[in-house]
Amino acid sequence: MNERDKETLKLIANICGNIAAVAVGIALFERNPAGMAVAIVFGVMALATIRSLR
């Protein structure tokens, strides 16, 4: 895997992490339980993407 591929995967993980963070904020401040489900899904996707860099 070259450096460009690694940077692309880091970008994808960063975007997934940002979506998860926004979903947590929605779940906490808007009292929307579906936000936590979205946060968990995107958090797992971000972690899986980071793990694939090894």
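Ala46 touches Ala13, Cys16 and Gly17, leaving out residues up to four places away in sequence (contact means heavy atoms within 4.5 Å). Ala46 is in helix H2, and Ala13 is in helix H1 (helices, H or I with at least four residues, and strands, E with at least two, are DSSP runs numbered from the N terminus). This is a predicted model, in which local features need pLDDT of at least 70 and side-chain atom pairs count only at pLDDT 80 or more, while totals for chains, interfaces and linings use all residues. Residues are numbered from 1 along each chain as its sequence is written, and side-chain values use heavy atoms, with hydrogens and water left out.

**Helix H1**

- H1 covers residues 3-29, and its 27 residues should span 39 Å at 1.5 Å a residue (the expected span is 1.5 Å times one less than the number of residues).
- The C-alpha atoms at the ends of H1 are 39 Å apart, which agrees with that span.
- At the start of H1, a side-chain oxygen of Asn2 comes to within 3.3 Å of the backbone nitrogen of Arg4 (a polar contact is a pair of N or O atoms within 3.5 Å; within protein, one must be able to donate a hydrogen and the other to accept it, and residues adjacent in sequence count only if both atoms are side-chain atoms).

**Packing between H1 and H2**

- Ala13, Cys16, Ala20, Ala23 and Ala27 are the buried residues named in H1 (buried means under 20% relative accessible area, exposed over 50%, and partly exposed in between, with a 1.4 Å probe and protein chains only).
- The buried residues of H1 pack against helix H2, residues 33-51.
- Ala13 counts as buried because its relative accessibility is 6%.
- Outside the four places on either side in sequence, Ala13 touches Ala46, Thr49 and Ile50.
- The C-alpha atoms of Ala13 and Glu30 are separated by 25 Å, the two residues being 17 apart along the chain.
- Ala46 has a relative accessible area of 10%, so Ala46 is buried.
- Between the C-alpha atoms of Ala46 and Ala34, 12 residues apart along the chain, the separation is 19 Å.

**Thr49**

- Thr49 belongs to helix H2 and is buried, with a relative accessible area of 13%.
- A polar atom of the Thr49 side chain lies 2.7 Å from the backbone oxygen of Met45.
- With residues up to four places away in sequence not counted, Thr49 touches Leu9, Ile12 and Ala13.

**The loop between H1 and H2**

- Arg31 follows H1 and is placed in the loop between H1 and H2.
- The phi of Arg31 is near 55 degrees, a positive value in a residue other than glycine.
- Most residues other than glycine have a negative phi.
- Arg31 has a relative accessible area of 74% and is therefore exposed.
- Asn32 is also found in the loop between H1 and H2, and at 33% relative accessibility Asn32 counts as partly exposed.
- Beyond its neighbours within four places in sequence, Asn32 is in contact with Ile26 and Ala27.

**Salt bridge**

- The structure holds 1 salt bridge (a side-chain nitrogen of Lys or Arg within 4 Å of a carboxyl oxygen of Asp or Glu).
- Lys10 forms a salt bridge with Glu7, and the closest N and O atoms are 3.5 Å apart.
- Side chains of opposite charge can pair when their charged atoms come close.
- Both Lys10 and Glu7 lie in helix H1, 3 residues apart, which is about one turn of the helix.
- Lys10 is partly exposed at 42% relative accessibility, and Glu7 is partly exposed with a relative accessible area of 44%.

**Nonpolar surface patch**

- Leu11, Ile15, Ile19 and Val38 make a nonpolar surface patch of about 320 Å² (patches are made of residues with over 30% relative accessible area and no salt bridge; like charges are joined within 9 Å, nonpolar side chains, namely Val, Leu, Ile, Met, Phe, Trp and Tyr, within 5 Å).
- H1 gives the largest share of the patch, 3 residues.
- Ile15 is in helix H1 and is partly exposed, with a relative accessible area of 45% (areas come from the Shrake-Rupley method with a 1.4 Å probe; for residues, only the protein chains shown count as cover).
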